Amino acid sequence: MNGFEPDQSGRHVHAAVLHATGEPPRYGPFPAPVAGDGEAVVTVTAAALKPSDRAMAGGVHYAPTEFPHVAGLDGVGRLDDGTRVAFLIPRPPYGGMAERTLVRRDMWLPVPDGVDDVTAAALLNPGMAAWKTIVAEGEAAAGQTVLVLGATGASGRIAAHLAVRRDARVVVAGRDRRVLDHLVTQGVAAAIPLDRPHDELADALAAEGPYDLVADYLWGAPAEAAFAALARPAPRREAPIRYILVGMAAGAEASLPAMTMRKAPVQLVGSGTTGRAALTQAADAYADILHQAANGEISLDIATVPLSEVGEAWTRKSDRRVVLVP
């Protein structure tokens, strides 16, 4: 337990505790969860540190309304009967970055054998976000062309992989040339580096189109270039280009001229706004992603960090997927 033991009275657990908006969490004691009707206590074994967790702490995404509040929007652990589960959005004020947390009974997915807890936690958020975008909402299909903006991030890489798996022609754009080159070896049709001027990027994106689906993890300047490319003359379409905004790693704002929007045959939606997938469907998708990880088809560079070091991990920049272990 990294030098710490749970309160033997059972009244407290150790957790990454948020005390105010905009501040990193501090490792310390927090009242132990007690399950009510329709709830279950999960003993946490691993919880990934994600951009959405930082957005939560910053008051942007699933922001706490009261403090103190435990950080972490998901994780992996065990129920009282030993069942291994991946849990989603614990009941406030509890979070995933704790020794134990409180979860509603319809908010977990089974974790199949064949993959360890740390890997299961690392893949939970990016894997399910990619599946939701490419499969459940984007409905990528054979013969379509899919553009993934931000394909060198964890979820973008998985999104590209899932689109290739569905026999789509996949174009990826990102900043890490090493990852872009690797994606090409995995079946991606074209890889476009983002480190170029607006017009050059728009030209490069347009040259690989037309597109049926765009999965955008970046927004900001890359989205401006993408819309400029999509607004250029192209063969007449029976259906609009489906543009799904997943993240904003490149900026929270993008300037889109009115004429660009009028010319671009685009249906712009935010990921998660078109309905919630059935739990059984999500469970099957998560199990399939973990199966692909076990087979070596999907991999992430993971750094395992003790939960007690959450403060340092929170503020440290890393290209690896950080997974906190109580």
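A search of the whole structure, which is a predicted model, finds 14 salt bridges, a salt bridge being a side-chain nitrogen of Lys or Arg within 4 Å of a carboxyl oxygen of Asp or Glu. Residues are numbered from 1 along each chain as its sequence is written, and side-chain values use heavy atoms, with hydrogens and water left out. Local features need pLDDT of at least 70 and side-chain atom pairs count only at pLDDT 80 or more, whereas totals for chains, interfaces and linings use all residues. Helices (H or I, at least four residues) and strands (E, at least two) are DSSP runs, numbered from the N terminus.

One of the salt bridges joins the side chains of Arg 165 and Asp 288, with an N to O distance of 3.1 Å. Arg 165 lies in helix H3 and Asp 288 in helix H8, so the pair ties together parts that are 123 residues apart in sequence. Residues are classed as buried under 20% relative accessible area, exposed over 50%, and partly exposed in between (1.4 Å probe, protein chains only). Arg 165 is partly exposed at 41%, and Asp 288 is partly exposed at 30%.

In a further salt bridge, the closest N and O atoms of Arg 232 and Asp 203 are 2.7 Å apart. Because Arg 232 lies in the loop between helix H6 (220-230) and strand E13 (241-245), and Asp 203 in helix H5 (residues 198-207), this pair ties together parts that are 29 residues apart in sequence. Arg 232 has a relative accessibility of 33% and counts as partly exposed; Asp 203, with a value of 42%, is also partly exposed. Asp 301 and Arg 320 form another salt bridge, with 3.2 Å between the closest N and O atoms. Lys 50, Asp 53 and Asp 74 are linked in a network of salt bridges.

Helix H3 (residues 154-165) has 12 residues and should span 16 Å at 1.5 Å a residue, and its end C-alpha atoms are 17 Å apart, which agrees. The expected span is 1.5 Å times one less than the number of residues. H3 is mostly covered, nine of its 12 residues being buried; among them are Ile 158, His 161 and Leu 162. With contact meaning heavy atoms within 4.5 Å, the buried residues of H3 pack against several elements, including helix H2 (117-137), strand E9 (145-149) and helix H8 (279-294). Just after H3, Asp 167 takes a positive phi of about 65°.

Two strands pair if DSSP finds at least two bridges between them. An open sheet of six strands has the order E11-E10-E9-E12-E13-E14, and its pairing is parallel. Strand E11 (190-193) and strand E14 (266-270) each have a single partner strand, so one side of each is left without a neighbour in the sheet. Within this sheet, strand E12 (residues 213-216) is joined to E13 by four bridges, and Val 214 stands opposite Tyr 243 in E13. Helix H5 lies across E9 and E11, running at about 175° to E11; axes are lines fitted to C-alpha atoms, for helices over the stretch in contact, and angles run from 0 to 180 degrees between N-to-C directions.

Three strands form another open sheet, with the order E2-E1-E4 and antiparallel pairing. Its edge strands are strand E2 (26-31) and strand E4 (69-70), each pairing on one side only. Six bridges connect strand E1 (residues 12-18) with E2, and His 12 stands opposite Pro 31 in E2.
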